[in-house]
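Please look over the sequence and the structure shown here, and then read on.

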Amino acid sequence: MKKILLFMFFVLLLSGITRCQSADSTNTAVSSEAQSTEIHTEKSDTEQGVENEEDDMMKVSVKSVEFEIVYELNDSSASKSFYEQLPLTTEVEPFSSNEMTFYPPQKLDISDTPLSSGEAGTLSYYSPWGDVVMFYDFCSPNGNLYGLGEVIAGKENIDKLNGTITISEYVRE
């Protein structure tokens with residue numbers, strides 16, 4: 001009787017192990033197939049969305065008589081409130097030895113806006129004075145300087161801007 005019970009115990013044990021392995025391999029196969037499909041879908045979305053993503057980015061052109069600087073704005077509320085005020089024509093002024101500044105018509109909403117790194121090529125907003133700052137050299141970051149975006153073309157010309165500038169939505173030609 002002991003031998004029969006022992007034999008049945010081993011049969012059930014082996015049967016349970018085999019089922020677990022079978023279920024695991026089935027789950028693995030299904031999981032692999034799902035991942036493969038998911039990756040394929042992501043690839044397709046990525047391939048289709050690359051151009052749309054690039055087109056959806058907020059880009060601005062800062063033009064003087066001689067130069068054009070293009071910035072890609074971040075997705076912050078300050079960037080959006082700045083973008084909504086475009087186009088605008090205003091005077092650009094040098095400030096200190098590292099930046100050019102101008103004043104948008106209305107203050108920007110700084111909620112959820114990241115602080116600026118102050119790196120050369122950044123477009124920032126100094127909230128106490130309400131001016132937009134185009135850095136052509138490093139500036140120490142501070143708690144009142146918010147990041148709006150980064151230069152993508154014309155960085156070498158920021159310090160050469162003077163007089164009247166026009167800021168508008170950038171349209172690739």
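How many helices and strands does the secondary structure of the chain come to?

## Overall make-up

The chain has 2 helices and 8 strands, where helices (H or I, at least four residues) and strands (E, at least two) are DSSP runs numbered from the N terminus. Along the sequence, these elements follow the pattern α-β-β-α-β-β-β-β-β-β.

This is a predicted model, in which local features need pLDDT of at least 70 and side-chain atom pairs count only at pLDDT 80 or more, while totals for chains, interfaces and linings use all residues. Residues are numbered from 1 along each chain as its sequence is written, and side-chain values use heavy atoms, with hydrogens and water left out.

## Burial and contacts

Of the 173 residues in the chain, 33% are buried, a term that means under 20% relative accessible area with a 1.4 Å probe, counting protein chains only. Among the contacts with a separation of 6 or more, 64% join residues 24 or more positions apart, contact meaning heavy atoms within 4.5 Å.

## Two residues in their places

Ile 69 lies in strand E2, which covers residues 68-73, and it counts as buried because its relative accessibility is 0%. Beyond residues up to four places away in sequence, Ile 69 touches several others, including Val 60, Val 151 and Leu 161. Glu 156 is 87 residues from Ile 69 in sequence, yet the two are 8.8 Å apart in space, C-alpha to C-alpha.

Ser 81 belongs to helix H2, residues 77-83, and counts as buried at 15% relative accessibility. Leaving aside neighbours within four places in sequence, Ser 81 is in contact with Leu 108 and Asp 109.

How values were computed
Buried means under 20% relative accessible area, exposed over 50%, partly exposed in between (1.4 Å probe, protein chains only).
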